[in-house]
Amino acid sequence: MSRLAKGGLIDRARSLAFTFDGRSYGGHAGDTLASALLANDVRLVGRSFKYHRPRGIVSAGAEEPNALVELRAGARREPNTRATVAELFDGLEAQSQNRWPSLDLDLLSVNQLLSPFLGAGFYYKTFMWPAAFWEKVYEPIIRRAAGLGRMAEAADPDPYEKASTFCDVLVIGAGPAGLMAALAAGRAGARVILADEDFLAGGRLNAETREIDGKPAAEWAARVTAELASLPNVRLMTRTTVFGVYDSGTYGALERVADHLPVPPPFQPRQRLWRIHARRAVLAAGATERPIVFGGNDRPGVMLAGAVRTYVNRFAVAPGHRVAVFANNDDAWRGALEIKAAGIEVAAIVDVRKAVAASLVQQAKAKGIRTLLDGRVTATHGKRLTAVDIVADGRTERLAVDTLAVSGGWSPNVHLTCHHGGKPAWDEAIAAFVPGIVPPLLAVAGAASGAFSLGAALTDGAAQGAEAAEALGFPVPLPDVPAVAEESVAITPFWHVADSRGPAFVDLQNDVTAKDITIAYKEGFRSVEHLKRYTTLGMATDQGRTSNVTGLAIMASLTGASIPETGTTIFRPPYTPVSLGALGGHHRGKDFRAVRLTPTHEWAKARGAVFIETGAWLRAQYFPRPGETDWLESVNREVKAVRASVGLIDVSTFGKIDLQGPDVGTLLDRLYINTFSTLAIGKARYGVMLREDGLVMDDGTTARLGAEHYVMTTTTANAAKVYQHLEFCLQVLWPQLDVSIASVSEQWAQIALAGPRARDVLARVVDAGVDVSNDGLPFMGAIEGTVLGGVKARLFRLSFSGELGFEIAVPARHGAALAQALMSAGEAFGITPYGIEALGVMRIEKGHVSGNELSGQTTARDLGFGRMASTKKDYIGRVMAGRPGLVDPQRPTFVGFKPVDPSQRLRAGAHFLKIGAAASLENDEGYMTSVAHSPHLGHWIGLGLLQRGPERIGERVRAYDPVRGGDIEVEICAPGFIDPEGERLRG
Amino acid sequence: MRIPCPYCGERDAHEFSYLGDATLTRPDPAAPDAPDRFFDYVYLRDNPAGAHQEWWYHAYGCRQWVKVERNTLTHAIAGARLARDARDAAGDAAGNVPGDAP
Amino acid sequence: MRYSWLSILTNGLSGQSGWKPAWRAATPKPAYDVIIVGGGGHGLATAYYLASQHGIRNVAVIEKGYIGSGNAGRNTTIIRSNYLLPGNEPFYEWSMKLWEGLEQELNYNAMVSQRGILNLYHSDAQRDAYARRGNAMRLSGVDSQLLGRDEVRAMYPFLDYDNARFPIQGGLLQERAGTARHDAVVWGYARGADRLGVDILQNCEVTGFLREGDRILGVETTRGPIGAGKVGLAVAGSTTRVASKAGLRLPIESHVLQAFVSEGLKPAIDGVITFGAGHFYISQSDKGGLVFGGDIDGYNSYAQRGNLPVVEDVAEGGMALMPRIGRVRLLRMWGGIMDMSMDGSPIIDRTPLPGLYLNAGWCYGGFKATPASGWCFAHLIARNEPHEVARLMRLDRFRTGHLIDEKGVGAQPNLH
Amino acid sequence: MADHSSHPLDTLPFDAVATAGHYGVAGTLGVTARRIDGLSIATLAARKGDDDALAEAVRGALGLELPRASRAVFAGARTLIGTAPGRWLALSGLDRDIAGTLRAALGPLAAITDQSDAVVTLDLTGPKVADTLAKGALIDLDPRVFLPGMAATTVLAHIGITLWRREEATWRLLVARSFEAALLRFLVSSAAEYGFELDDRG
């Protein structure tokens with residue numbers, strides 16, 4: 001065990017059991033999986049992506065490139081989980097990944113032997129011979145070898161949700177700068193959200209043994225956190241990562257509600273996506289340490305210096321027992337002293353600099369630590385690190401250590417500042433990229449802005465928090481900045497030990513070496529984006545946190561340009577990877593989209609209806625009866641019943657728009673190709689409206705209920721679109737028109753009653769005095785009255801089926817009662833409820849156009865409405881409908897079809913070819929839009945668009961349907977298979 | 001992205017449906033060159049990289065057409081007016097208000 | 001240098017020291033026979049085919065940044081030829097044929113991977129529309145299969161068949177469709193063009209046009225004026241910005257399309273799948289990342305980034321289609337600027353200005369078109385007449401009404 | 001053990017309106033939703049002309065001041081909500097036919113449309129109403145910001161709603177009738193962690 005006897009922010013009283021690769025271990029509350037593994041002396045945790053090299057834990061945070069595991073099992077398996085940020089819980093199960101058969105013995109590590117050939121760009125230059133081998137041989141092998149963890153095989157069983165919140169000041173990061181920023185803005189009374197990805201606020205204060213106001217820094221952090229938690233206007237969100245900066249002050253954040261638990265508590269989600277809307281934001285995301293690149297730098301035991309320090313101080317874990325430090329900056333020296341103070345042997349500090357502040361050297365020496373200046377690590381040894389070779393003062397020596405703590409300096413976490421496309425700027429003084437152009441109303445504080453010393457971070461945080469609140473009008477007393485000892489932050493840029501042995505990894509996860517960068521350089525992939533794309537540098541799950549700057553620096557040294565001349569590293573959302581479950585939230589499964597139910601839904605359900613999705617609506621598709629085994633059997637019965645006697649269907653889903661005002665007629669004349677201003681009160685008319693480009697937008701019936709009152713119906717699919725179009729006309733095009741519109745789609749339940757006995761049935765439900773006779777309610781009549789004993793109703797004499805038909809609209813709450821009353825009234829006539837399948841059959845029999853014909857690709861002329869278009873007025877789409885391409889007589893035009901052999905089935909989507917013509921694009925004459933089996937005729941019938949169709953009635957063409965093996969002869973006929981004269985519906 | 005609806009206040013863009021260029025005027029359909037002018041109106045766009053006047057319809061709110069000035073490079077919004085106010089506002093005489101067909 | 005097993009071996013044994021630049025860092029000549037503006041896949045392919053098919057080698061490709069920095073490197077790498085309309089289908093099929101021979105043609109492995117695309121349908125009307133499309137494909141000699149629910153289930157057993165809001169009824173499959181490695185396409189064409197003598201001028205931005213009356217005689221650039229017999233624009237995403245410098249106003253709007261990639265995973269999704277009840281499509285790259293996307297954000301933008309509602313919409317679609325991806329993490333998202341044309345289909349045509357040629361309006365479908373776009377644009381520039389398979393992709397079709405509107409949504413680019 | 005199988009949505013048919021009862025965490029009540037029946041509801045759109053005269057007539061008819069913004073005003077059992085410039089929603093538990101009342105009182109000043117059956121009305125009470133609604137809405141519903149009398153027409157989990165705060169502890173929500181089942185599913189799912197009660201109708 002490598003658990004230190006004392007110290008740390010773990011709860012030693014709470015022991016947690018977990019497994020890694022099937023072996024059981026113990027840890028404590030407050031551990032991460034990584035700290036617990038280290039405490040159990042587990043050093044080898046993963047295999048690299050390309051060469052399958054053994055790898056150990058490198059970091060203590062989100063930048064981890066190596067320690068990726070499959071967390072949990074079964075349907076909850078989470079691939080590629082960073083052990084360094086996974087909070088330990090009792091019963092945690094983790095497995096190493098990308099290895100076979102085991103972590104210790106990974107057969108694909110044979111790739112290491114091939115590594116001389118597998119350099120950058122290798123794939124692009126090879127696997128091409130013979131040509132057929134790529135897909136059959138090479139690619140399958142590559143695919144199998146690629147990837148890291150395995151995604152779960154079953155649906156994710158945990159719920160997710162999303163939420164929105166609003167604040168004045170969002171503070172991102174609860175380290176020293178973030179805590180001070182939140183304190184300043186919070187005390188001023190602003191609504192503050194303080195978000196931190198960690199489960200413990202404090203950031204670096206928990207990882208270092210600094211003092212603030214004379215107290216341990218972690219204590220100070222806990223005290224400030226407690227004060228913030230007590231303020232009603234401050235919301236503290238730990239385990240919450242702000243991952244993206246979007247427009248207008250919108251921030252995306254992921255709250256890990258239950259990732260630290262075996263399963264989510266009852267009724268809680270696993271994770272919650274937050275959309276945080278902030279008037280101002282302070283980014284205090286800290287900084288990430290970067291390594292120095294040298295040969296053998298991927299050996300388990302080589303870690304970032306700050307990580308070693310974090311494991312020792314925060315988790316009371318000794319990552320090793322004999323540590324050497326390899327660095328180019330002062331901060332690493334303080335880390336070495338803290339490691340030493342915890343009782344771990346520090347063999348040496350190797351610093352690339354020739355001179356280091358005397359005080360640091362003295363402190364180190366006083367603690368008995370060797371200091372080697374102008375030093376380099378040139379090689380490493382051991383499967384797990386056992387020794388490093390060092391060159392210093394021209395002498396080489398081998399140092400026996402089990403841990404090498406490396407620090408190449410720190411990079412501010414500028415990620416979020418880049419999300420609007422702004423590029424960071426190079427700051428020579430700290431040898432790092434600092435925020436450049438940042439998103440509007442976002443300020444950066446502390447280490448994230450390059451203010452690395454603790455004192456500077458506290459001061460900067462307080463100032464930025466106060467400034468944000470003040471800008472929003474909150475009177476801000478600047479909080480006292482607590483006292484801390486000054487520290488030095490000197491650094492001399494140093495990136496790569498060129499004269500070192502073994503592969504020198506820049507990007508550990510993607511196995512990109514310094515040599516790969518040289519290849520990219522030689523082949524001309526020198527711009528930073530080409531470098532990244534060609535070598536895959538920085539493209540792994542750690543998004544190049546520890547590799548981007550180093551890679552850039554190595555390229556700069558090759559080209560002789562400066563780092564900023566070579567390029568900048570920019571970052572795209574998300575800051576750290578976000579689960580798709582959280583981004584989807586509640587909207588999955590049946591809740592993917594809200595369902596709309598008709599007023600008769602329960603009524604239809606009780607009658608055994610089979611429902612079908614029609615856009616958002618669920619509609620009755622058909623009503624099977626006992627003994628019916630096939631949907632077509634039910635549909636045929638329903639159609640026959642309607643044509644023979646009477647049936648009813650809920651048509652409430654049509655869009656209905658009330659139009660009131662003196663100018664409604666004028667408006668409708670401009671909307672429809674035909675005229676409505678002349679429509680008599682009490683009458684309805686079928687209309688077609690176009691888009692401004694001249695193609696058909698929608699159709700429907702509009703009735704005039706009063707001098708200044710019309711009601712329009714639209715298709716179900718286009719209800720919202722047509723309403724929006726009307727508002728555009730009234731608000732934008734013709735605002736002087738005095739018309740008010742209101743959607744009444746939801747107000748009125750509407751039931752269509754069709755069949756020769758429809759009037760008989762209707763007469764039994766209307767109240768006394770409502771005349772539904774052919775005189776009282778003639779074809780295309782529209783009247784208001786009452787039904788069912790005083791229920792307001794709108795009665796229309798319309799027919800979609802071709803039969804005598806009525807539509808009865810009643811306030812929606814009465815919809816089911818109306819349906820039931822009609823059923824009772826029709827019992828004597830054998831009234832039959834029918835679904836949209838039967839409705840579709842009857843409209844095809846009648847030759848009406850519907851959704852399949854209103855494809856947005858058809859003109860009024862194509863659909864046979866050419867003569868309906870008024871020539872006496874302008875209307876939307878008129879001018880553009882006259883373009884040559886839209887009036888070309890060769891355009892496919894609406895006609896009907898029947899199979900020459902009546903036993904043959906028609907299929908919508910079949911294309912028409914002349915008999916004997918080759919099946920080729922040039923011979924394509926149109927296609928079948930809709931088909932149905934007509935029980936009336938006893939064979940299939942179809943509607944379609946055919947070149948010069950109406951001129952070719954009686955001619956035969958091929959209906960060519962190779963995707964379903966169909967190729968039959970059909971006869972062209974008029975679209976209207978029953979009652980072409982319309983005697984039935986006028987009856 | 002939040003659209004400052006003049007009536008409802010700031011709302012997420014997904015409450016709106018977008019139409020685009022709000023500087024276009026429906027041409028006079030009776031003009032002798034109406035086909036050319038309608039072709040321009042329906043199809044040609046300035047598509048500026050920068051300030052853009054555009055129509056957003058607040059479908060899930062007040063159902064008003066809102067004329068928004070937004071920068072297409074930064075998505076920064078300079079202002080928004082209801083269609084009716086945009087029409088009435090002074091300084092909007094540069095011909096970028098949808099006109100009335102006779 | 002030619003890539004072969006031998007070159008791989010030699011370089012492997014020599015510490016990878018022998019590789020040469022994939023293309024030269026050229027300096028601009030005073031004039032070229034043809035200048036192609038835009039160093040994306042389309043522009044580089046055009047230059048390559050001008051040189052290889054038409055013998056026109058005195059060609060420069062001018063790129064304002066680095067080659068492949070626009071949409072060529074910002075797409076979801078899908079290649080397919082499953083179009084409906086005669087204006088499109090032969091063109092995309094020609095592109096598919098070129099994809100199929102691309103690696104040998106270029107001596108560069110662009111990882112063309114024909115693992116199929118499956119467009120799911122969830123309603124009878126959608127099935128009918130896909131049948132219409134599948135049959136149209138067959139009429140053009142293109143493979144297509146209409147699958148039922150059980151066949152889809154056999155292919156992809158992990159989709160949601162039991163609890164879906166919009167149950168899967170089947171799908172339209174094109175087996176020859178698939179993906180290609182987008183950057184490699186750019187680099188392969190660049191290398192190929194360079195070997196034939198084409199100058200690739202990076203970090204060279206066009207600031208104006210040299211002209212005499214209406215005739216275009218070359219371009220002004222940040223690296224000075226460069227004369228040209230003919231100038232071709234292949235700058236989708238920036239078409240308006242560049243064309244407006246020549247005074248052209250076009251039927252194009254710029255919109256942002258976001259794309260997404262997950263962390264690397266062991267192979268689980270073999271081909272490309274598109275969801276028919278929402279905006280979501282997905283494939284898995286050879287590296288293991290799930291590559292997916294959805295609808296455009298829907299407002300004019302040049303910002304190369306989008307907003308959360310579309311991200312959420314895409315994830316909702318993904319979760320609805322394959323709920324096993326709940327714990328998969330989105331690694332990166334980015335935006336590309338689409339040249340959205342007013343009917344959703346591209347333009348390869350002359351312009352009213354003699355000497356200036358236009359390749360534009362690719363909407364979100366430009367990647368798959370890369371080889372044929374280059375082929376046809378080269379043909380147009382070299383011969384001054386449209387190539388047969390691109391003959392309907394005319395600029396004046398909006399005026400004449402010969403639209404190529406696959407979706408039937410009309411002159412509203414954000415709906416295409 | 002909490003598992004997905006215990007989630008209340010799993011036993012709630014997606015094509016049925018949730019039945020009354022307690023959902024989610026037992027023993028606590030974060031949100032109560034009560035369906036309010038019997039309201040007469042109409043939309044009111046100012047016609048071109050005299051806005052002052054309309055305001056005056058409304059004052060006379062309902063005893064309410066027409067709100068000029070997205071606000072709710074109340075007098076007794078009558079409520080007026082501003083939904084758009086020149087458009088309002090009138091609700092009454094007093095008038096059997098508020099549309100008729102208004103039509104009679106306002107004559108040509110406004111276009112009136114009965115919407116009594118178009119929407120379902122829910123009263124939401126409890127300490128977790130704002131937190132629950134925040135899971136579906138993208139507007140600021142912080143009780144310190146969305147004060148009594150404020151109103152919004154907006155989206156809740158893809159569903160259009162009109163929402164206002166009647167008093168400190170009561171929020172009222174209108175949703176189109178066809179979406180009632182979906183909206184209740186959202187409420188059940190989102191309020192389950194706080195304890196959710198769906199009251200008998202009436």
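Predicted model: local features only at pLDDT ≥ 70, side-chain atom pairs only at ≥ 80, totals over all residues.

A: Helices and strands are DSSP runs: a helix has at least four residues, a strand at least two, and both are numbered from the N terminus.

The part to be examined closely is chain C. The mean pLDDT of chain C is 96, and 100% of its residues reach 70 or more. For the complex, the predictor gives an ipTM of 0.96 and a pTM of 0.97.

How is chain C divided into domains? The domain assignment gives domain 1, made of 24-81, 84-107, 182-252 and 343-415, and domain 2, made of 117-176 and 253-341. The centres of these two domains of chain C, taken over C-alpha atoms, are separated by 27 Å. Across the boundary, 31 residues of domain 1 of chain C are in contact with 29 residues of domain 2 of chain C. On the domain 1 side, helix H3 (89-100) and helix H8 (239-243) of chain C each supply at least two of the residues that touch domain 2. H3(C) gives the most to this side, with four residues. By residue type, the side of domain 1 of chain C that touches domain 2 of chain C divides into 14 nonpolar, twelve polar and five charged residues.

Chain C also meets a neighbouring chain: 21 residues of chain C are in contact with 20 residues of chain B. Which elements of chain B face chain C? Strand S3 (17-21), helix H1 (34-43) and strand S4 (51-57) of chain B each supply at least two residues to the side that touches chain C. The largest share of that side, three residues, comes from H1(B). The residues on the side of chain B that touches chain C divide into nine nonpolar, seven polar and four charged.

To draw the picture together, chain C has contacts between its domain 1 and its domain 2, and it has contacts with chain B as well. H3(C) gives the most to the domain 1 side of the boundary within chain C, while H1(B) gives the largest share of the side of chain B that touches chain C.

Conventions: Residues numbered from 1 in each chain as written. Chains lettered and ligands numbered in written order. Contact = placed C-beta atoms within 7 Å. Nonpolar A, V, L, I, M, F, W, Y, C, P; charged D, E, K, R; others polar. Domains from an automatic or database assignment. pLDDT = per-residue confidence, 0-100.
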